[in-house]
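Hi everyone, and thanks for making the time this morning.

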Amino acid sequence: MESALEGRGPLRYGPPVPEPGLPVVPELAAVLARAAGRPHAEPPGGGPALLAAAQGYWARRGLAADPALLAAAPGAPALLLALTAAVGGDVLLPRPCPAWWAPQARLLGRPTFSVPSPAACGGVPDPYALLETVRRVRAEGGDPRLLVLAVADDPTGTVAVPEVLSRAVEAAAAEGLHVVSDETWRDTVHRPQENPVVGPAEMLPDGVTVLSDLSGGWLPPGWPAAVARFPGTTAGAQLRARCLDILTALDATLATPVAAAATHALGEPRALGARLAHAVALHGRLAGALYEVLHTAGALVRPPQAGRHLYADLAPFAPGLAARGVTDALELENDLTARLGMPAPGGHRFGDDLDQLRVRLSTGPLLGDDERVRADLLTGAPDPLQAAPVRRALDRVAEVLGALAAPPAGAVLRRRRPGPRARKGAGPPGRPGRAGHH
């Protein structure tokens, strides 16, 4: 895989978390500022106040949590790195999946294997494909132990269908896999009544560690903080202890001011909860409008249900893209980022094959750069879909896709490079593919 991409850009650096495009909540900024004068450091794994707040957060979602089985770190990547090291073995990931998952295993030299998601949703592996992949990996001498999934998914912006999730969790349990449930985006579901979030820890209490990065909705991305809930068993306590050892060795501790802000956010004060609800509604409307533009133009895209992102397959535009020299996901990323004036990371960053013309688009950049306009949009005045920066951005997406649907007359199509016989980084045909993140 490395040789195929040599000299083709900084692929090792994944795209950032989709930006909210909204100002920091003044209440949170005040909490962080007040804590800036505290001289003591937060202990590895988080202090008592932060863990108590995390306990209350999960309890309000119907999930009992003992503070002695919780941990905090400066961002979910640090927690996933510790979990991957502590559990050991090979890692299974749905395809596509968040760009930051596979690098944690790669840093540890752990093999990763991609399992396709079902058509109904992203974030979880197809249960039957999961069983087949585990059995093939073991037959070839591998040691699959860890499955990472998401109940509300980045990059696809979808919510896991409970029936599919239940079957995937049952399959994982049957094969002795430990499950990490990334629930970073669970509080950003656009219509919770229509798409209820059910976590795997409710289905398999003794075999699931829940992970939540507060950048999903509660804190700005520049204030890294995440919490984890381990199973309430002896094995869960031992897993937490190993993770704390690793976090301590890495000095992966929360900055005291950020810990104070995280503690405040996890308490879900009324003003902050109202702000999150307004932000979710705003991004839901933006995502719906962006979906309509993409779908009308002919892109293949699932309707957005959560978060601030959509995942589009532009295969129907392959002739128009090829006429412009775009034949794979990396070229698509570079071309669309330049032409749309907004980040458009290609599907190769999320585990899809390089030759698939897939891309993630986010709603935050639709809000433009004027902070005053952003603040006004958060309050619902004016109508966000009629705001000038939003209208311009959506029109630009429609214009670019419209041009791709009609290649320039006389254009000479570049022949697409032959696709791989199996997934990028995979072995011979029939072997489960290793995740193709870069």
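I'll start with the chain as a whole, then go through cavities, rings and a few backbone details.

A word on the ground rules. This is a predicted model, so local features need pLDDT of at least 70 and side-chain atom pairs count only at pLDDT 80 or more, while totals for chains, interfaces and linings use all residues. Residues are numbered from 1 along each chain as its sequence is written, and side-chain values use heavy atoms, with hydrogens and water left out.

First, the overall picture. The chain's secondary structure comes to 15 helices and ten strands. Those are DSSP runs numbered from the N terminus: helices are H or I with at least four residues, and strands are E with at least two. The chain has 438 residues, and 56% of them count as buried. Here buried means under 20% relative accessible area, exposed means over 50%, and partly exposed is in between, using a 1.4 Å probe and protein chains only. Now contacts, meaning heavy atoms within 4.5 Å. Among contacts between residues at least 6 apart in sequence, 74% join residues at least 24 apart.

Next, the cavities. How many cavities of 30 Å³ or more does the structure hold? There are two. A cavity is a set of points, on a 1 Å grid over the protein atoms alone, where a 1.4 Å probe fits but cannot get out, and lining residues have an atom within 4 Å of a point. Grid points are joined across faces, edges and corners, and the volume is the space filled by probe spheres set on the points.

The largest cavity has a volume of about 40 Å³. Its lining has nine nonpolar residues, no polar and no charged ones. For those classes, Ala, Val, Leu, Ile, Met, Phe, Trp, Tyr, Cys and Pro count as nonpolar, Asp, Glu, Lys and Arg as charged, and the others, Gly among them, as polar. Helix H13 (329–340), strand E10 (358–362) and helix H15 (388–405) each supply at least two lining residues, and H15 has the largest share, with three.

Let's zoom in on one of the lining residues, Val400. Valine 400 is in helix H15 and is buried, at 2% relative accessible area. Leaving aside residues up to four places away in sequence, valine 400 touches Leu336, Arg339 and Leu340. The C-alpha atoms of valine 400 and arginine 339 are 7.4 Å apart, although the two residues are separated by 61 residues along the chain.

The second largest cavity has a volume of about 30 Å³. Among the residues lining it are Leu80, Val91, Trp101 and Thr112. Helix H4 (76–87), strand E2 (90–95) and helix H5 (101–107) each give two or more residues to this lining, with H5 giving the most, four. By class, the lining has seven nonpolar, three polar and no charged residues.

On to the rings. Rings of Phe, Tyr and Trp (its six-membered ring) pair if their centres lie within 6.5 Å; planes under 30 degrees apart count as stacked, over 60 as edge-to-face, and the rest as tilted. That rule gives three aromatic pairs. One of them joins tyrosine 57 and tryptophan 58, edge-to-face at 6.0 Å centre to centre with 70° between the planes, and both residues are buried. Tryptophan 100 and tryptophan 101 have their ring centres 6.3 Å apart and their planes at 85°, so this pair is edge-to-face too. Tryptophan 100 is partly exposed, at 21% relative accessibility, whereas tryptophan 101 is buried, at 2%.

Tyrosine 57 comes up again: the charged end of arginine 61 sits over its ring, 3.7 Å from the centre. The rule there is NZ of Lys or CZ of Arg within 6 Å of the ring centre and within 35 degrees of the ring normal.

Finally, some backbone details. Arginine 95 and proline 96 are joined by a cis peptide bond with omega about 0°, and proline 96 is in the loop between E2 and H5. The bond from aspartate 154 to proline 155 is also cis, with omega near 25°. Aspartate 251, which is not a glycine, has a positive phi near 55°, and this residue is exposed, at 58% relative accessible area.

That's my tour; I'm happy to take questions.

Notes
On a 1 Å grid over the protein atoms alone, a cavity is a set of points where a 1.4 Å probe fits but cannot get out, and a pocket is an open set with protein on both sides within 12 Å along at least five of seven lines; lining residues have an atom within 4 Å of a point.
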